[in-house]
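Welcome, and please open your viewer. We will go from stop to stop, selecting a few residues each time.

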Amino acid sequence: MKLDTAPFDMAIVGAGLVGATLALALGRQGHRVALLDGGDLQGTWQVSDIDARVSAITPASQQFLTHLGVWPGIVRRRISPYGHMSVWDGEGTGHIDFNAAEVGREVLGHIIENGVIRDALLDALGECDHVTLMSSARVTTLSGVEQHRRCLTLEDGRTLEASLVVGADGANSCIRALAELGHREYATGQRAVVATVWHEHDHEATARQRFMSTGPLAFLPLSIDGHQKTSSIVWSADTALADELMAMTDEAFMRALELDFEHRLGHVERVSRRHDFPLIQRHARRYVGDSVALVGDAAHNIHPLAGQGVNLGLMDVAVLAEELGRAGRRGAPLGDIRILSRYARRRRGDNTVMLMAMDAFRIGFGVTWPLVRVLRNQGLTTTGRWPWARRLLIEQAMGQRQGLPQSMRPSPP
């Protein structure tokens, strides 16, 4: 049965962390928002389970989630703060260590299960009268622009109109394709193997990453029931090695993990089910068009080695919400390309720099030439000795170099 819905101000396609956050931000501004997702819009996180997919949430992203009133719900569920970071070259002597105290902070960020964040967002959305949740909603067509409005047709025959359609539907964005915004992509030749592991020694609230020619291996600290002997691992490995890792028995995988992590956390005692996904870097040719915009992975998809993917997406949301808030107060059409272009200009530069930086790191540490290896190790260690360079890198890791828009920062108590 065809069901025509009332017109919306915005239709957001994709209810992942970025899309759900945008829906909440715009709903709190009083806009009529439809949040569509092909799956079930019900929280599935359980305290007894540990989500294998986690995000390293920076203080800038924490500020934004606090501004939206979501952070307390995240804290009630489970967070794992970390105050230290250690990075080293696994094929040399180069290393660098960071400490939050160096910049007068208690933490560098928080490792949080994606399920925890989404659960808290769905709770908040359930209390927002301006947001309509539409599950099992798969978009098949996107109409042309008529009077600053777009029409979406869903797989089940439903249609809806909106002044602005936002693609928050991930790296293989349907909205990006339907709006013909284009993208560039290339395969990195690596896959990310993710899992949760239990290990012998306390991680001491330290995020650790070892760079190897086959790809980086990260141990992200989790605090489970007050204990610090659990970590989420992200092993970005060349495809052939990733295939081997996924084919191993649990026992063989744990021994390989201990060896390649140089036994930094002692014996690996247990491992969860492993998951893997290809690492393909993508960047949309255009972030916006008439009455359409892209955010998060739909606009830019980067290597996970710095854990910045979700944070970049949340900064997209903050900037787009700020621009649309200004437009709404002026009574301007929300899908006006001039308004959307301001969002694109503000975000494309930061995102491009991050994509280039991650690619440079990946390629630089993958080179095995002796001279390059010597220069790489000297550079890494020397940089760690310069206070100004250390501070710059710490601020980048904390999201302070991009900065949260002033209007999105929580008010002081």
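Start with what covers the buried residues of α7: the cover includes β12 (183-199), β14 (217-224), β15 (227-238), α6 (239-247) and β16 (268-271). Here helices (H or I, at least four residues) and strands (E, at least two) are DSSP runs, numbered from the N terminus. This is a predicted model, where local features need pLDDT of at least 70, side-chain atom pairs count only at pLDDT 80 or more, and totals for chains, interfaces and linings use all residues. Residues are numbered from 1 along each chain as its sequence is written, and side-chain values use heavy atoms, with hydrogens and water left out.

Next, select helix α7 itself, residues 250-260: its buried residues are F253, M254, A256, L257 and E258. Buried means under 20% relative accessible area, exposed over 50%, and partly exposed in between (1.4 Å probe, protein chains only).

Stay in α7 and pick E251 and R255, which sit 4 residues apart, about one turn of the helix. Their side chains meet in a salt bridge (2.2 Å, N to O); the term stands for a side-chain nitrogen of Lys or Arg within 4 Å of a carboxyl oxygen of Asp or Glu. E251 is partly exposed at 46%, and R255 is partly exposed at 25%. Just after α7, look at E262, with its positive phi of about 60°.

Notes:
Contact = heavy atoms within 4.5 Å.
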